[in-house]
Amino acid sequence: FNLRIEQVGNVNFLRKSELISSILQKIATLAVNDWRKIVYYTERLRDNDIGLRNKDTAMCWIGDNLKLYTDDHPLRSSMEPYKTINVLFEECEKSNDKWCAICLFLDNDGKYSSKFYYEGMPLLDGNDVELSKRLAEINT
């Protein structure tokens with residue numbers, strides 16, 4: 001018995017899930033020791049002049065008391081997740097699933113979630129109020 005899931009013109013659910021899982025694994029390997037929760041948010045924008053613009057931010061909580069880790073950490077500077085995020089963006093874009101941002105939540109017990117945004121780019125636009133709202137939304 002072979003099951004084949006295919007959606008003509010769309011990135012199928014399994015492929016999208018596979019890419020998100022790969023991104024989460026890369027994020028987890030970059031986290032500081034004793035991490036408990038991570039929120040990773042990134043925006044992508046296709047620009048005809050300069051190509052694909054992107055910007056991201058990450059928050060990491062450590063220890064049993066969930067203290068926000070404020071020192072510099074690899075999540076803020078590593079290019080590890082970028083390639084896979086770009087692949088996800090481009091595959092979705094080709095199938096007309098044109099998101100502009102994704103927010104990912106991960107805890108060290110294996111719980112995770114993702115949310116795609118299809119309008120508004122608070123990180124690239126410098127809209128701290130909207131960005132804070134999005135980051136809090138997934139971290140509940």
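Predicted model: local features only at pLDDT ≥ 70, side-chain atom pairs only at ≥ 80, totals over all residues.
Colleague: Let's start with the overall layout. Which helices and strands make up the protein chain, and in what pattern?

Modeller: The protein chain has five helices and five strands. Along the sequence they run α-β-β-β-α-α-β-β-α-α.

Colleague: What makes the radius of gyration agree with a compact globule?

Modeller: For 140 residues, a compact globule would have a radius of gyration near 14 Å, and the protein chain has 16 Å, which agrees. As for extent, the C-alpha atoms fill a box of roughly 45 × 45 × 25 Å along the principal axes.

Colleague: How much of the chain counts as buried, and what share of the contacts links residues 24 or more positions apart?

Modeller: Of the 140 residues, 41% count as buried. Among contacts with a separation of 6 or more, 61% are between residues 24 or more positions apart. The accessible surface comes to about 8,500 Å², with 48% of that belonging to carbon and sulfur atoms.

Colleague: Nice. Why is Leu-19 called buried?

Modeller: Buried means under 20% relative accessible area. Leu-19 has 6% relative accessibility, so Leu-19 counts as buried. This residue lies in helix α1.

Colleague: And why is Ala-28 called partly exposed rather than buried?

Modeller: Partly exposed is the range between the buried limit of 20% and the exposed limit of 50%. At 25% relative accessibility, Ala-28 therefore counts as partly exposed. Ala-28 is found in helix α1 too.

Colleague: What does Ala-28 contact, leaving aside its neighbours within four places?

Modeller: Ala-28 is in contact with Trp-35 and Leu-106, with those neighbours left aside. Ala-28 and Asn-108 are 80 residues apart along the chain, and their C-alpha atoms are separated by 8.3 Å.

Colleague: Which residues of helix α3 are buried, and what do they pack against?

Modeller: Helix α3 covers residues 80–94, and its buried residues are Pro-81, Tyr-82, Thr-84, Ile-85, Asn-86, Leu-88, Phe-89 and Cys-92. They pack against α1, β1, β2, β4 and β5. Just after α3, Asn-96 takes a positive phi of about 70°.

Colleague: What makes a set of residues a nonpolar core, and which residues have the most contacts inside the largest one?

Modeller: The members must be buried nonpolar residues joined through side-chain atoms within 4.5 Å. The largest such core has 26 residues, and Leu-88, Trp-99 and Leu-104 have the most contacts inside it. The elements giving two or more residues to this core are α1, β1, β2, α3 and β4. Helix α1 gives the most, with six residues. Apart from this core lies another, of 11 residues, including Val-39, Leu-123, Leu-131 and Ile-138. In soluble globular proteins, nonpolar side chains tend to be buried together.

Colleague: What does Leu-104 contact, leaving aside its neighbours within four places in sequence?

Modeller: Among the contacts of Leu-104 are Ile-20, Ile-23, Leu-24 and Ile-27, as well as Ile-38, Val-39 and Tyr-40. Ser-113, Ser-114 and Ile-138 are in contact with Leu-104 as well.

Colleague: Last one: how many charged side chains are there, and how far apart are the centres of the two sets?

Modeller: There are 19 positive and 22 negative side chains, and the centres of these sets lie 2 Å apart.

Note on methods. Residues numbered from 1 in each chain as written. Heavy atoms only, no water. Helix = DSSP H or I, 4+ residues; strand = E, 2+ residues; numbered from the N terminus. Rg over C-alpha atoms; globule rule 2.2 N^0.38 Å. Buried < 20%, exposed > 50% of the residue type's maximum accessible area, 1.4 Å probe, protein only. Contact = heavy atoms within 4.5 Å. Areas by Shrake-Rupley, 256 points an atom, 1.4 Å probe, with all protein chains shown as cover. Lys, Arg positive; Asp, Glu negative; His and termini not counted. Charge placed at Lys NZ, Arg CZ, Asp CG, Glu CD.
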